[in-house]
Amino acid sequence: MIKWHIPLLVACLFVFGGNAFADKTPVEVWYTYIADSEEEQLFFRAIEAFEQNNQDIDVNPVRVPYLQMLQQFITASQGGEAPDLVRLNSRDLGKIGQVRVNGAPLLEDLRPHLTPMERSRIDVRAMNAMRYNHALYSLPVSQASLSLIYNKDIFDAHGLPYPQDDWSIDDMLKVAQLLTKGEVRGLAVPIRVYYWWIAFQTGFGGWLFDGDGNPTLNSVGSAEALQWVLDLELKHGVVAPGTGFDVEAVKTQFQQGKAAMTIDGPWNWKSYTDAGLNLGQALLPTVPQSGKRMSPLLAYIGWSISKQSPNKVATARLAKWLASDTVQRTFALQTYTPPTSVSLKDDPAITGDLNLSGFIRQTEVATPAPTTQAMSLAYEPLNTAIELVYTGKMNPAAALSAANDNLASNLER
Amino acid sequence: MTRIAPLPPVIAGLLFFLLSLSVNAGTLTEVRVVSEAQKYRTIQIEVSVTDARDVDRYEVWFSEQPFRTLTDALLHSQVQVADTSRLERVPEGAAYEDCWEDGLPTHRDPFGSPVISPAAKRWSCQLTGLIPNTDYWIAVVAVDYSGQLLSGQDSLSPIKTRTDIPDQLPAPPDTRPVLSILTSIVICLLALFIYLRRQDMRSGKASANVAHAYVAPALIALAVLSFYPIVYGIWLSFTDAHQSRLGQESFIGLTNFVEVFTSPGFGRVTLFTIIWSVANVTAHVGFGLMLALVLTKAHLKGKLFYRTILLMPWAIPAYISILAWKGILQTDGLFNNILGTEIELLSQVTSAQVLVILVNIWLGIPFMMMSLSGALMAIPGDMYEAADLDGVSKWDQFIHLTLPNLKSTITPLSLLGFIWSFNMFTVIYLITRGNPSVDFGQPGATDILITYVYDVAFDYGRYGVAAAWSVIIFLMLVAFSWVYVKKTKATEAVA
């Protein structure tokens, strides 16, 4: 008799338990926070709060490594297995925006999902940075760009004043030279990675594209910037040899107190403070040759809805919650993530935090990464050009001219 | 109790009509829903204006419940009334939502909000962000420069509306071609089985039926997991498949193959792939055999310890070993730390090429060592005793006894090793990702064919061209294997 009870009980649990879950709308979310990080914990808490207020929705968060997210999402979408909601960087939209499966884009145009009033709560520049052609592909929740971060203890040990917002690159170089002693270098910068070079390029008056989106990698300012930035290692020795192409090596070098200054984003701030560093932050310097300030690429992180999601209304509700002032504020204050919410700009807790407000000021002078196919194709030729100049095989003008031609021909394919 | 007399039907109908038009005193004469312009999560309204004097903006308010005052509703959107002479009209589809004034797209302020001229007689706007199949009450009010509602709009009569337009999901991937190809492959296999079975029956091998039955599941699994991807890859290589038009590719003949053969880096990357494969196989077999010979020496003490140590590279997951090597070889890694140098081993072409080959050699030796140890132990010891009695030198024993006896093992192993090395993706991808760069649009200095295919497919999204590269790799390996087997008579040796 007992033997019959067990399968019956299991069957009941399966049928009725299944029905209980069947009433809820499932929403699968792919996120990119590092495992067990503070960001991930805050994200889980935000999801928990959302589920409590939306009992009809069942959220299933899935962690995907940041560097693999783009390709995994494209592959999943091509197989018809895309998640409902995905965390993407505005820099990825240029690549993902052109992908089509059976003629359909991979991401939902969010314009019909937001009222103008909901939209107006987010910074208009952030919203525009999430558009591909005319479609709005992501709801921006944070923004970040490179900034000048320095180790106060090293400056104090040398009796030098901290970097200031009115610094020029010459000031930065001069101090970096003074601070380069023994194992310690004045600067830790991945000078051979295009993302860092672009910050210098803008300072020297160059930019990646003209008003019509045609590549302009070969401008005079671009070549000057490339020579100047590579000279930090090759001529002045303020950047450690061989670290210029390795972002992680540069991070480790600064973390270990082997560099006085670094050019990095708020995303690494916590790992530096956790390493016991006494940090300060300043705006990236100006370039006397052009009179302009270095303007790094500004990347926005946002939540995008898959075109294939069968539950877009519920998913949009979750995306709006994750972009709400409440969630953005918590992330900003606890993880130094500059928010995109308009009202948080004047939040006393945020403006009162010198470093966070410093990062926000830096984003204000940064340049949003274009969400175009050209941008997604620019990285490869740029890195090749930098490498060829670094190894002495080409001069900056010739290398950038070749990179420009290569990008133009890739765009024609 | 006073009873209110029912209104005559004509008057009641008129009143109902007027209410449904949401007539607001003042500047608005009519607000109507443009039913034919409904979209997913979007309703379009049209507002007729008689007098826009003193109007600063129109506000659209909405609620899921009927409301009489704005405190019970939410502000949906605003349309500014201002001089538009210095503003641009934004074409349809370009703004966040479309709005029109007197039939033309409205002008927009720097923030993208719609602005209409005071002279406009009619404007319409899409109201986005509404949930499908939900009733909404919508009211439009005119607001003056001081932020006050214009007279007569304190008591609102919002119009009730809804959008029932469902979400347009993209068509699911068409699996019919996949199923038909798989079915064809399975049918071909079944036909082959039936044919072979008949042949066996004719030759009196009745027991072979059972053998066919045993082989069948594995063959069907192979058909699904291996044959189909190969067939699909070959098909893709003749199409213009690209990530921007997946599922809509068309046949383009040999264009992709022409592009591959004429691409500037083809010869270089093929040469390095051959150098990489030959160097790896030679070293794997050479060092593997040498270590196997040492470890099979009868008098060697601590064999188990040595075996365990030598098996370590094989026992640890490959990606961990590879990343550990990367950590050692990078500029701030262990190698430079020990020597006190800052040599960029992975940035220089030659050193990077040599190092990725060395790491792969290190990874592959244990497998060869173990396989050859087994083969060495299977050689009868009395042959060596007889050779010793005949005074044959150890070197001659190795050349004339050991090697011939190992041929049946070494030949298929080296063939397998060559194919594995040729297609070894992980080492190069994790250590250098094909870098350092050599020239624009070309494979990197440490790219081999298989790693470059990955870049073509996933960095550039050119699936057709990547498939052509893959087919060429496949053909190269088939040709090599065929020649190798013919020359070495490998299958005969195994048999």
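This is a predicted model: local features need pLDDT of at least 70, side-chain atom pairs count only at pLDDT 80 or more; totals for chains, interfaces and linings use all residues.
**Entry 1. Chain B overall**

I began with chain B. I counted 15 helices and 12 strands in its secondary structure. I then looked up its extent. The C-alpha trace of chain B spans about 135 × 75 × 55 Å along its principal axes. I also checked the radius of gyration, which is 39 Å for chain B, whereas a compact globule of 495 residues would come near 23 Å. Next I looked at burial. Of the 495 residues in chain B, 30% count as buried. Last, I looked at contacts in chain B between residues at least 6 apart in sequence; 64% of these join residues at least 24 apart.

**Entry 2. Where chain B touches chain A**

I turned to the contact between the chains. I found 40 residues of chain B in contact with 45 residues of chain A. Which elements of chain B supply at least two residues each to this side? They are β4 (74-81) and α13 (449-459). Of these, β4(B) gives the largest share, 3 residues. I noted the classes on the chain B side as well: 15 nonpolar, 16 polar and 9 charged.

**Entry 3. Domains of chain A**

I moved to chain A, which is divided into two domains. Domain 1 takes in 2-143 and 300-368. Domain 2 takes in 147-295 and 372-412. I read 31 Å between their C-alpha centres. Across the boundary, 16 residues of domain 1 are in contact with 14 residues of domain 2. On the domain 1 side, α4 (93-96) and α16 (354-364) of chain A each give two or more residues.

**Entry 4. A sheet in chain A**

I finished with a sheet of chain A. Its 4 strands form an open sheet, in the order β10-β11-β9-β12, with mixed pairing.

I then followed β10(A) to its partner. β10(A) and β11(A), residues 259-264, run parallel and are joined by 3 bridges. I looked up one residue there: A:A188 has A:T262 in β11(A) as its bridge partner.

How values were computed. Residues are numbered from 1 along each chain as its sequence is written. Chains are lettered from A and ligands numbered from 1 in the order in which they are written. Two strands pair if DSSP finds at least two bridges between them. Domain bounds come from an automatic or database domain assignment. Two residues are in contact if their C-beta atoms, placed from the backbone, lie within 7 Å. Ala, Val, Leu, Ile, Met, Phe, Trp, Tyr, Cys and Pro count as nonpolar, Asp, Glu, Lys and Arg as charged, and the others, Gly among them, as polar. The radius of gyration is taken over C-alpha atoms; the globule rule is 2.2 Å times the number of residues to the power 0.38. A residue is buried if 20 or more other C-beta atoms lie within 10 Å of its own, exposed if 12 or fewer, and partly exposed in between; C-beta atoms are placed from the backbone.
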